Amino acid sequence: MPELSLPDVTLHYEVSGTGPPLLMIAGMVSDSASWAPVIPLLEPHFTLIRPDNRTTGRTTPVDAPVSVSIYAQDCAALLDHLDIPQAHVLGHSMGGMIALEMMQSVPAKIASLTLAASAPIRLARNLALFNALLAIRQSNAAPDTWLRAFFPWLFAPAVYDIPGAVDDAASASLAYAHAQTVQGMAHQLQALDGYQPAHLPPEWPVPAQALLAADDMLIPLPLARSALSGLPIHIVPNAGHSIHWDATDTVADHVKTIAQTHPIKGAL
């Protein structure tokens, strides 16, 4: 089981595929397994590096210090541990915020950056949503209640027209052996609560793009466009916040394109 031992945490990560390195950073309540739909499309083109962020998956302890800045430091340390001086980076949701923090602190490590359903914005409404979902998990409600309350915020509306799709998603989430615990979720919320979007430079120090979902309720398009002014933005139709689940091929294609346009010198 691949692990990186840091002073205050043991970081679990997954590595697969062949090609230049692609660091894939998951979002809130997600871990390395959240990338499952795009992995088969990207493995032939990249060496995929997928950490379990603090409080998630098999990273321990669950109560290690958390913040977007700390998450970014972990990702940089992981690249150093793997002796990777530079990687392409894909960040989803809060994973994109972590990637932006890396861009500010260690830009030389990033060959290209793709933000997926992500932007440097902090919405009190989103924090309230996650606190409400946490309260449901802490109550006597059925274990899938919080998931069914969360899914409309994640998936495109069309998912609800597919017979059994929501039931299957709930069942798969509950069956996942490394799902984030209630304690982990409560602790991770501290990172979201403390997030302060950085002022982005007029000129981005790395090649970057944003993939924004047309039906994203967590990262609304008008706010995201304003926050990402000057960055190439691709609007993905028929996709919600779970953009790499709703539009798997589109996300993979954009990641491959930017990596091909900005190759890592010396990478296979």
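**Close-up views of a predicted model**

**View 1. Asp-83 in the loop between H2 and S5.** Asp-83 has a relative accessible area of 69%, so this residue counts as exposed. The structure shown in this and the following views is a predicted model. Asp-83 sits in the loop that runs between helix H2 and strand S5 (87–92). Its phi is positive, about 60°, although the residue is not a glycine.

**View 2. Packing of helices H2 and H3.** Two packed helices are described by the angle between their axes and the distance between the axes. For helix H2 (residues 68–81) and H3, the angle is about 70° and the axes are 8 Å apart. H2 is therefore roughly perpendicular to H3, angles of 65 to 115 degrees being counted that way. The two helices cross in a right-handed sense. On the H2 side, the contact is made by Val-68, Ser-69, Tyr-71, Ala-72, Cys-75, Ala-76 and Leu-79. H3 contributes Met-94, Met-97, Ile-98, Glu-101 and Met-102 to this contact.

**View 3. The cis peptide bond from Thr-60 to Pro-61.** The bond joining Thr-60 to Pro-61 is cis, and its omega is near -5°. Pro-61 belongs to the loop between S4 and H2.

**View 4. Aromatic pairs, including that of Phe-130 and Phe-150.** Three aromatic pairs are found when the whole structure is searched. In the pair of Phe-130 and Phe-150, the ring centres are 5.4 Å apart and the planes stand at 70°, so the arrangement is edge-to-face. Because Phe-130 lies in helix H4 (residues 124–138) and Phe-150 in helix H5 (residues 145–154), the pair ties together parts that are 20 residues apart in sequence. Phe-130 and Phe-150 are both buried. Phe-151 and Phe-155 make another aromatic pair, tilted, with 5.2 Å from centre to centre and 50° between the planes. Phe-151 has a relative accessibility of 4% and so counts as buried. Phe-155, at 16% relative accessibility, counts as buried too.

**View 5. Phe-130 and the largest nonpolar core.** The largest nonpolar core holds 60 residues, and the residues with the most contacts inside it are Leu-113, Phe-130, Phe-150 and Trp-204. Helix H3 (residues 94–105) gives the most to this core, seven residues in number. A second core, separate and made of 22 residues, includes Trp-35, Ala-117, Ala-213 and Ala-247. With residues up to four places away in sequence left out, Phe-130 touches Met-28, Val-29, Phe-150, Met-185, Leu-189 and Leu-192. One of these partners, Val-29, has a positive phi of about 55° although it is not a glycine. Val-29 is placed in the loop between strand S3 (21–25) and helix H1 (39–42).

**View 6. Packing of helices H4 and H7.** H4 packs against helix H7 (residues 182–193) at an angle of about 165°, and the axes are 10 Å apart. H4 is therefore roughly antiparallel to H7, since angles over 145 degrees count as such. The crossing of H4 and H7 is left-handed. From H4, the residues in contact are Leu-127, Phe-130, Asn-131, Leu-133, Leu-134, Arg-137 and Gln-138. H7 meets them with Val-182, Met-185, Ala-186, Leu-189, Leu-192 and Asp-193.

**View 7. Arg-50 in strand S4.** Arg-50 is part of strand S4 (residues 47–51). Its relative accessibility is 8%, so Arg-50 counts as buried, the cut-off being under 20%. Leaving out residues up to four places away in sequence, Arg-50 touches His-12, Tyr-13, Glu-14, Ser-16, Met-24, Ser-32, Trp-35 and Ile-39. Arg-50 and Trp-35, one of these partners, are 15 residues apart in sequence and 8.2 Å apart in space, C-alpha to C-alpha.

**View 8. Lys-256 in helix H10.** Lys-256 lies within helix H10 (residues 248–261). With a relative accessible area of 17%, this lysine is buried. Apart from residues up to four places away in sequence, Lys-256 touches Leu-41, Leu-42, His-45 and Phe-46. Lys-256 and Ala-224 are 32 residues apart along the chain, and 23 Å separates their C-alpha atoms.

Note on methods. Residues are numbered from 1 along each chain as its sequence is written. This is a predicted model: local features need pLDDT of at least 70, side-chain atom pairs count only at pLDDT 80 or more; totals for chains, interfaces and linings use all residues. Side-chain values use heavy atoms; hydrogens and water are left out. Rings of Phe, Tyr and Trp (its six-membered ring) pair if their centres lie within 6.5 Å; planes under 30 degrees apart count as stacked, over 60 as edge-to-face and the rest as tilted. Helices (H or I, at least four residues) and strands (E, at least two) are DSSP runs, numbered from the N terminus. Buried means under 20% relative accessible area, exposed over 50%, partly exposed in between (1.4 Å probe, protein chains only). A nonpolar core is a set of buried Ala, Val, Leu, Ile, Met, Phe, Trp, Tyr and Cys residues joined through side-chain atoms within 4.5 Å. Contact means heavy atoms within 4.5 Å. Axes are lines fitted to C-alpha atoms, for helices over the stretch in contact, and angles run from 0 to 180 degrees between N-to-C directions. Angles under 35 degrees count as roughly parallel, over 145 as roughly antiparallel, 65 to 115 as roughly perpendicular and the rest as oblique. A crossing is left-handed if the near helix is turned anticlockwise from the far one by less than a right angle, and right-handed if clockwise.
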